[in-house]
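Please keep the sequence and the structure in view while reading.

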Amino acid sequence: MEAETKRSYSEKDQDYLWHGMKPYQANGTPLIAESGKGSWFTDTAGKRYFDGVSGLWCLNLGHGQEEIIEAAANQMKSLAYFPLSFGHKPAIDLAEKLSELLGGGYRSFFANGGSDANETAFKIARQHHKQSGNPEKTKIISRYRAYHGNSLGALAATAQANRKIKYDVNVPGFVHIPPPYAYRSSFGSYEEDDLRAAEYLEQTILWEGAETVAAFIMEPIISGGGVIHPQSDIYYKKVREICTRYNVLLILDEVVSGFGRTGKVFGYMHGDGFFPDIITLAKGLTAGYLPLGATCVHESIYQSFKTNGTTNHFRHISTYGGHPASCAVALKTIEIIERDQLVNRVARLEQTILRKLHALTSYSFVGDVRGIGFLYGIELVKDKQTKEPLSDETIKTIVAACQKKGLIIGKNGDTVPSGGNVLIIAPPLTSTEDDLTFLVKTLNEVFSETD
Ligand code: PLP
């Protein structure tokens, strides 16, 4: 026992902890965090790092937000737990606040996180159609490159082959279509990519049979799949029209893009007249301080759950979904975002950062720099003409070199065909201008060593 306590955390990590998304490394030296302040954290060796991806795009207000910590503690002192088959004050207050942020008319079902919120959305969509006289409307359409979560339904909607290959996720009723992706247009036209991608949704609904399609799920801006977004709001406009035309519920996965990440309260607000039938939220909802997900549903859909006495209610719950402390943390998080005008701050700083990041295209291997708000993707290629992806090995070397210099950045999940060649940057919304200067300076240093 005594010998055990003398072992370093690196050694113990090697023996006991199973890391997500990382290959086993026999002699790996994992980064083990010990404490954090603002957008920076310190590892067990005392080295400081700027967190350029906000943890997993969730730590939007950085570490050490005393008011949030206090809100969690106070809630735990007054009511530690209560299930949402009944109610509690923080869940009711949060549901009211979310409806207000969404422009009114939304009802929230609380979950544990993003995957759970999306699973919930699929079940709501299917049940809604079943009890509204459309029992065959069960299919869910989603987009290639999207990530919607790790549980079976959410993974079935996820369309990144390498995340699914070993798990037999052959769930019937999930159909994928290409997203608009001007840099690698599936439709052969940079200019018309948005329009063609939207038309492809309509074509797919018709091919599948509109009477069989329950919902279309999309992130307004694909995040983990490589920061992919339309060039204009024509895509959003068309998608909304098509979903309404065919009675296909539009589920917007704003697990990453919500709460100011893109310079608007929600990502969908970048589209004129764009709105969700169902929106799923997590991550930034609690700024990463506690787990929480929300599935917010328009009242017009909730109607079908109110009718027929007891037979149409939603037979779904999870023990910790809408935990009182998580809801209290979410309310405080939203209060801080509003009070400190963080959404405007992100929108104001976006152009400055993007301009500096765009300058990185002068390096021979930087094919595309794109993004919005505090969410950026840098697509790395061997050859700017052919757009052949830079090798995985070189990209991993770049990420590791940044880490060595105290900068944490991400890389999109392994995707086919481009093999995870997009560096992902999503700093906390509270990052100082000095922090952001450090980010760009470090990228420049590492890129010039690589070129
Ligand atoms: N949806 C999107 C867009 C995500 O990026 C993620 C996670 O990264 C999820 C859903 C799943 O969320 P969680 O990990 O909280 O289950």
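Two strands are said to pair if DSSP finds at least two bridges between them. Helices (H or I, at least four residues) and strands (E, at least two) are themselves DSSP runs, numbered from the N terminus. The model is a predicted one, in which local features need pLDDT of at least 70, side-chain atom pairs count only at pLDDT 80 or more, and totals for chains, interfaces and linings use all residues. Residues are numbered from 1 along each chain as its sequence is written.

Strands in the order 11-12-15-14 form an open sheet of four, with antiparallel pairing. Strand 11 and strand 14 (410–411) are the edge strands, and each has a single partner strand, so one side of each is left without a neighbour in the sheet. Strand 12 and strand 15 are joined in the antiparallel sense over four bridges; I378 has L423, in strand 15, as its bridge partner.

The chain as a whole contains 15 helices and 15 strands. Its radius of gyration is 22 Å, close to the 22 Å that the globule rule gives for 451 residues, so the chain is as compact as a globular protein of that length. Here the radius is taken over C-alpha atoms, and the rule is 2.2 Å times the number of residues to the power 0.38. Along the principal axes, the C-alpha atoms fill a box of roughly 65 × 60 × 45 Å. Of the 451 residues, 46% are buried; a residue is buried if 20 or more other C-beta atoms, placed from the backbone, lie within 10 Å of its own, exposed if 12 or fewer, and partly exposed in between.

How is the chain divided into domains? Domain 1 comprises 2–52 + 341–450, and domain 2 comprises 66–339, with bounds that come from an automatic or database domain assignment. The centres of the two domains, taken over C-alpha atoms, are separated by 26 Å. Contacts (C-beta atoms, placed from the backbone, within 7 Å) link 25 residues of domain 1 with 22 residues of domain 2. On the side of domain 1 that touches domain 2, at least two residues each are supplied by helix 13 (342–358), strand 11 (366–372), strand 12 (375–380) and strand 15 (422–425). Helix 13 gives the largest share of that side, five residues.

Attention now turns to strand 5 (residues 139–143), in which five of five residues are buried. Both faces are covered, with K139, I141 and R143 buried on one side and I140 and S142 on the other. Strand 5 runs parallel to strand 7 (residues 213–218), joined by three bridges, and K139 stands opposite V213 there. Strand 5 also runs parallel to strand 6 (residues 174–177), joined by four bridges, and I141 stands opposite V175 in strand 6.

The ligand remains to be considered. It is surrounded by 15 residues, of which the closest are G113, G114, S115, G149 and V255; a residue is near a molecule if its C-beta atom, placed from the backbone, lies within 6 Å of it. Helix 6 (residues 114–130) contributes the largest share of this shell, three residues. The shell around the ligand divides into five nonpolar, eight polar and two charged residues.

How values were computed: Ala, Val, Leu, Ile, Met, Phe, Trp, Tyr, Cys and Pro count as nonpolar, Asp, Glu, Lys and Arg as charged, and the others, Gly among them, as polar. Two residues are in contact if their C-beta atoms, placed from the backbone, lie within 7 Å.
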